[in-house]
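Reader: I am new to this structure. Please take a close look at one part, the ligand site, and then show me what lies around it.

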Amino acid sequence: MKPDMPLPVLEASSIVKRFGGAVAVDDVSIAVSAGEIHAVVGENGAGKSTLMRVLAGILTADQGTVKVGGELLEGGAKGSLEAGIALVHQELSLIPEMTVAENIMLGSTPTSYGFIRTRQLKAAAAEALDEIGVSVDLNESVARLSVALRQFVEIARAVARKPRVLILDEPTATLTPAETDHLLAMLQRLANRGMAIIYISHRIPEVFTICTTITVLRDGKVVDSTPLVETTPSAVIDKMVGRELSLDLSSRRVATPGALVLSARGIRAHNVNGVDLDVRSGEIIGLGGLVGAGRTELVRAIVGADPRYGGTVTLWVDGHPRNITSYQPAVRAGIGYVPEERRTDGLALTMSVSDNIALPNRRELSSAGVILAGKTARFASNLADAVGLRPPVITRDVGEYSGGNQQKVVIAKWLGRKPRFIVLDEPTRGVDVGAKAEIHRIVRELADNGAAVLVVSSDLPELLELSDVIHVVRDGRITGTLSAADANEKSVMSLASGENLVGA
Ligand SMILES: Nc1ncnc2c1ncn2[C@@H]1O[C@H](COP(=O)(O)OP(=O)(O)OP(=O)(O)O)[C@@H](O)[C@H]1O
Ligand SMILES: [Mg+2]
């Protein structure tokens with residue numbers, strides 16, 4: 001180590017973590033100093049989350065050591081937390097039924113003689129929220145918060161521990177550009193005050209905005225670790241994928257909208273205040289807007305996943321109108337829905353990939369009420385291939401796959417049904433660059449084959465790239481509609497803004 005380098009706060013040496021026979025983390029060493037923002041990047045399944053779970057004491061390494069401030073870590077998650085390591089998980093881990101304050105203080109709830117000290121709890125939670133510059137009602141139950149606000153509450157929970165090392169596993173996947181900027185500025189502040197930060201993201205531009213060091217993982221190994229100033233985004237991507245990535249950046253699709261497939265009128269629901277929407281065959285409609293604008297609530301109300309207070313949804317099936325009122329009949333009539341929160345809504349984690357894919361396709365895969373194993377396996381394999389599942393082992397439990405690969409399984413599940421109308425809510429959140437291009441290709445192909453497609457995305461470049469028409473949603477209403485020709489980051493954001501979600 002160079003003499004002018006500060007001593008690292010966190011030092012992990014030769015970490016190995018296996019799952020069964022597979023090596024997820026393969027002899028990884030990483031060191032992070034106070035004030036450093038250290039990026040960890042890599043493709044889906046590269047081992048990033050596994051490494052972080054080892055650092056946070058949630059998983060026990062098969063080999064290697066972790067030191068904080070020179071002291072060897074032992075004693076699992078509690079030990080890591082006490083030593084000053086706080087992890088913001090890739091998947092949200094809040095308890096929806098509890099309030100914001102209770103969630104923030106979960107695990108460090110102040111008690112006196114066994115009674116929870118409510119006032120103290122609220123004060124500590126308020127301080128943490130203040131620290132990250134987010135205003136949200138402490139008494140609100142988390143179930144009622146948007147995914148973005150949940151993410152900020154999750155971060156507040158980590159910050160409330162006053163950690164020496166803060167690890168964030170894809171914190172911006174659910175955030176809009178403005179919210180992302182807010183988060184990045186906040187991390188910069190924490191780092192300036194001496195916190196050591198590990199930052200995982202698939203969004204390479206973000207990494208280049210705030211990080212000081214970057215470690216690239218591939219197949220569980222460190223392939224590069226360098227000060228950020230000594231590398232470039234394209235060099236990082238090449239290292240991630242281990243080859244030069246030649247994405248097929250196909251020119252914009254020329255949409256030829258056909259017959260009306262879905263028509264929603266006067267939709268009212270929680271956070272949805274009267275929306276009319278039409279989607280035609282062959283058309284990709286994008287819903288833009290800030291997180292919290294009501295887009296997820298709107299699409300859930302349309303597909304019947306949540307109750308509507310008012311309005312009608314009509315699906316046209318071979319020229320005949322069908323009134324859509326609830327979810328199961330909607331699915332039977334040919335509606336597909338890839339939800340935003342895949343871990344709870346989209347997947348059975350303890351079931352195999354094959355069973356998950358077969359689930360909504362049981363009818364086609366069975367004969368006289370019996371599921372045909374061979375047919376199911378072929379069907380699942382083809383779809384797993386189509387979405388680029390890695391590794392493509394359809395007998396493995398979905399819960400054993402990395403976050404990005406789980407998203408591919410949700411999409412595969414719905415592709416199999418050849419839906420007439422499909423809603424994709426944040427389809428590539430947490431998906432690596434290669435897989436993202438692949439999913440975009442699949443979505444276009446769906447439309448080209450006649451499906452009517454509705455996409456919600458907070459990833460503006462993605463929304464602009466996919467959509468033939470963009471409706472911008474604000475406060476539960478469509479406040480503007482842009483054709484592909486008129487849509488750009490500025491026009492979408494100016495229609496979307498006017499809502500001060502993350503405070504000043
Ligand atoms: N509980 C588990 N059981 C078995 N295998 C697992 C388990 N958790 C992770 N793995 C495997 O370990 C490898 C690394 O997964 P990990 O979740 O660390 O990837 P990641 O880099 O975080 O990916 P992503 O960008 O998709 O989040 C993958 O091959 C994954 O399938
Ligand atoms: Mg991960």
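Author: A residue is buried under 20% relative accessible area, exposed over 50%, and partly exposed in between (1.4 Å probe, protein chains only). This is a predicted model: local features need pLDDT of at least 70 and side-chain atom pairs pLDDT 80 or more, while totals for chains, interfaces and linings use all residues. Residues are numbered from 1 along each chain as its sequence is written, chains are lettered from A and ligands numbered from 1 in the order written, and side-chain values use heavy atoms, without hydrogens or water.

Start with ligand 1. It has 18 residues around it (a heavy atom within 4 Å counts as near). G45, K48, T50, R396 and E400 come nearest. Now look at its oxygen atoms. The side chain of T50 places an N or O atom 2.6 Å from one of them (a polar contact pairs N or O atoms within 3.5 Å; within protein, one must be able to donate a hydrogen and the other to accept it, and sequence-adjacent residues count only through two side-chain atoms). Q90 brings a polar side-chain atom to 2.8 Å from an oxygen of ligand 1. G404 uses its backbone: an N or O atom there lies 2.9 Å from a ligand oxygen. How much of ligand 1 does the protein bury? Taken alone, ligand 1 exposes 640 Å², and the protein buries 86% of that (Shrake-Rupley areas, 1.4 Å probe).

Next comes ligand 2, the magnesium ion. Its protein donors are S49, through OG, and Q90, through OE1, at 2.0 to 2.2 Å (donors are N, O and S atoms within 2.8 Å of the metal, or 3.2 Å for Na, K and Ca; water is absent, so sites may look incomplete). S49 sits in helix 1 (residues 48-55), and Q90 sits in the loop between strand 6 (85-88) and helix 3 (100-104), so the two tie together parts 41 residues apart in sequence. Helices (H or I, at least four residues) and strands (E, at least two) are DSSP runs, numbered from the N terminus. S49 itself is buried, at 13% relative accessible area.

Stay with helix 1. Seven of its eight residues are buried. They are K48, S49, T50, L51, M52, V54 and L55. K48 and T50 also stand among the residues that come nearest to ligand 1. After the helix comes G57, with a positive phi near 75°.

V40 is buried, at 0%. Its C-alpha atom is 38 Å from that of T376, 336 residues away along the chain.

Is E206 buried or exposed? E206 is buried, at 7% relative accessibility. Its side chain makes a polar contact of 2.8 Å with the side chain of T172. E206 also touches T180, L184, Y199 and S201, not counting residues up to four places away.

Y199 also belongs to the largest nonpolar core, which has 51 residues (buried Ala, Val, Leu, Ile, Met, Phe, Trp, Tyr and Cys joined through side-chain atoms within 4.5 Å). V100, I104, L166, L187, I197 and Y199 touch the most other members. Helix 5 (residues 147-160) gives the most to this core, with eight residues. Apart from it lies another core, of 33 residues, among them V387, L389, I411 and I442.

Follow the chain past helix 5. K162 lies in the loop between helix 5 and strand 9 (165-169). Its phi is positive, near 45°, though it is not glycine. K162 is exposed, at 55%. E170 lies in the loop between strand 9 and helix 6 (177-192). Its phi is also positive, near 55°. Yet E170 is buried, at 6%. Most residues other than glycine have a negative phi, and most peptide bonds are trans.

The bond from R390 to P391 is cis, with omega near -5°. P391 is in the loop between helix 14 (373-387) and helix 15 (403-415).

One helix remains. Nine of the nine residues of helix 9 (residues 295-303) are buried, so the rest of the structure largely encloses it. G304 follows, with a positive phi near 85°.

Key. Contact = heavy atoms within 4.5 Å.
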